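Look at the structure, then read on.

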Amino acid sequence: MQVFRTGADWNKIRLQFIQSNKSIGLVPTMGALHQGHLDLVKKCGAQADCTVVSIFVNPTQFNNQEDFEKYPSSVKEDLDLLESAGVHYVFLPEVGTMYPSSPVLKLNFGHLERILEGAFRPGHFNGVGVIVSKLFHIIRPDLAFFGQKDLQQVAIIQTLVRDLSFPIEIIVVPTRREEDGLAMSSRNRRLSDLERKTALIIFESLSVAAKELKEGKEWLVVQEQIFRQFQEQESVKLEYFELVEREAFEIKKQFDPHQKMAICAAAYVGEIRLIDNLIINS
Ligand code: AMP
């Protein structure tokens, strides 16, 4: 496994893959890796000839400075994990490499900016769009892998690829969960033992809501009942719990079994903000 830090270094390495017509797969991450990230890596290994994993905690996508400063980092362990997983290259850039100057360009993703993560994290998707565009330009992969865990981010990346004609195939990988159902996340490392147990309410609520919808209960009734349950938990604050149609990525007030739907949730457990979602019908 080889670590490189600049686009110029990658251009030299990349030549051999271009000359031999080999495909390049990219897995963008912010490090503090877990099995969910490794699922993306595995999928990339199965579909592309060469796997590149990027590790970069992107400052411009954090709308909360403390969240950025406390974002977990474990580069040494990450590199060991990636080496064992058979990764060929790791892109580990400095902030100054990705941002020689502060970008003035602003990306606007329309209605996606006004709902869920877009509404609760102003500027977040602009940061995501800019950094992913930079990674796409620097690495120039044929395929790029993203997790269903960040479902709205998938819609953002698909918009980016479509509207800017990136010649890249986007592959979405299912959410990896802990044994009890909690979605794996780098931020879980910051939860205390008690918070870790409390955090399970997010997955449990998604599961109960999905079951009740399938049984024919009205969405607005289900949603209200979930908000009431969260209010009983002092250490958890539910930001949103919404039914979404996945193709157009729009909030819906009624469940339609003929549409591709998901329930998306975000909640603070103590100081830690967690998101999760459940696909109801594929
Ligand atoms: P992050 O390092 O959190 O920015 O995540 C990097 C990539 O891994 C993103 O495409 C995420 O959606 C994906 N990812 C994060 N957590 C999970 C998970 N539990 N299961 C599957 N993919 C995940």
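Q: At which residue does α1 bend by about 35 degrees?
A: This is a predicted model, where local features need pLDDT of at least 70, side-chain atom pairs count only at pLDDT 80 or more, and totals for chains, interfaces and linings use all residues. Residues are numbered from 1 along each chain as its sequence is written. Helices (H or I, at least four residues) and strands (E, at least two) are DSSP runs, numbered from the N terminus. With the bend taken as the angle between axes fitted to the seven residues ending at a residue and the seven starting there, the site in α1 is Ile13.

Q: How far apart are the end C-alpha atoms of helix α1?
A: Expected span is 1.5 Å times one less than the number of residues. For the 13 residues of α1 (residues 7-19) that gives 18 Å, and the end C-alpha atoms agree, at 18 Å.

Q: Which residues of α1 are buried?
A: Buried means under 20% relative accessible area with a 1.4 Å probe, protein chains only. Cover comes from elements including β1 (2-4) and α7 (124-139). The buried residues are Gly7, Trp10, Ile13, Arg14 and Phe17.

Conventions
Heavy atoms only, no water. Buried < 20%, exposed > 50% of the residue type's maximum accessible area, 1.4 Å probe, protein only. Contact = heavy atoms within 4.5 Å.
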